[in-house]
Structures are given as structure tokens and as C-alpha cells.
Amino acid sequence: MVLTRASRGFGLEIARKILAQGRSGGGDRSARATDPGTTARRRRDALLAIDLDVTDADQATRAGQSAVDTFGRIDVLVNNVGRGLLGAVEESSAAVVRAVYEVNVFGTLTVQRPCCR
């Protein structure tokens, strides 16, 4: 299983549930990594944590490949990353709306492509 945004909230709870069931999984430690070149990883039994910006296709590809290299395959992908928009789209700046789409739409596709081949 690959799980994005597993460092807190629903993602952390999903990761805990996966591990409690004795399954293995990989997840990102920070969906908005400050250093996109960082590939800091740590593995504890059945967990592989990787820094990942879901809007970076190269990082997503490397993260997916790391999960396959570690666990042999990816059966399930949970893209838990999301960005909200408070207010009407037509009242928001183009940059704000574009950022929502980059994460929620294109980020989802970016993560799915390398993981689901």
C-alpha cells in the first residue's frame, strides 16, 4: 500500500490501522516537503516513510519505485493529500485556484501514474 500525507490526521490513522493489521505500507512524511531533492527514508518493520511533493512527477516516480523495491509491489494507493478552498472559486485569485487543482487533481494523477503501472 502507498499512502500519501501519512504524517498526521487521517493519513496517520490510516497508517496505524494498516500496520496494526500486520500489513506493509509506504507513506510520505510531508506532502509539502521543503527540500524536493530530499529522499530521506526510514523503515521500521513494514513502514517506509518518504518525503514527497505530490505535484513533482520525478519525486512521485521515485517514491513509487522505492515502495516497489521495498515491498515487491503496490496493491493499494491511498492519496490522502488535499487542499481546501474556503470561498467561492470566482472570488479567489487564479493562483489560489491553480494551487488547489495542482494538489487535488494533478497531484493525484502524478502519484497514480508511477504507482499503478
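User: How many salt bridges does a search of the whole structure find?
Analyst: This is a predicted model, and the pair that meets in a salt bridge is arginine 16 and glutamate 13, whose side chains come to 2.9 Å, N to O. That distance falls within the 4 Å cut-off for a side-chain nitrogen of Arg and a carboxyl oxygen of Glu. A search of the whole structure gives a count of 1 salt bridge.

User: In which helix are arginine 16 and glutamate 13 separated by about one helical turn?
Analyst: Arginine 16 is partly exposed at a relative accessible area of 48%, and glutamate 13 is likewise partly exposed, with 45%. The two residues are 3 residues apart, which means about one helical turn between them, and the element that holds both, spanning residues 9-20, is helix α1.

User: What is the area of the nonpolar surface patch made by Tyr101, Val105, Phe106 and Leu109?
Analyst: One of its members, tyrosine 101, has its place in helix α3, residues 94-115. Tyrosine 101 is partly exposed, at 47% relative accessibility, and so passes the requirement of over 30% for patch residues. Together with Val105, Phe106 and Leu109, Tyr101 makes a nonpolar surface patch of about 360 Å².

Conventions. Residues are numbered from 1 along each chain as its sequence is written. This is a predicted model: local features need pLDDT of at least 70, side-chain atom pairs count only at pLDDT 80 or more; totals for chains, interfaces and linings use all residues. Side-chain values use heavy atoms; hydrogens and water are left out. Helices (H or I, at least four residues) and strands (E, at least two) are DSSP runs, numbered from the N terminus. Buried means under 20% relative accessible area, exposed over 50%, partly exposed in between (1.4 Å probe, protein chains only). Patches are made of residues with over 30% relative accessible area and no salt bridge: like charges are joined within 9 Å, nonpolar side chains (Val, Leu, Ile, Met, Phe, Trp, Tyr) within 5 Å. Accessible areas come from the Shrake-Rupley method with a 1.4 Å probe; for residues, only the protein chains shown count as cover.
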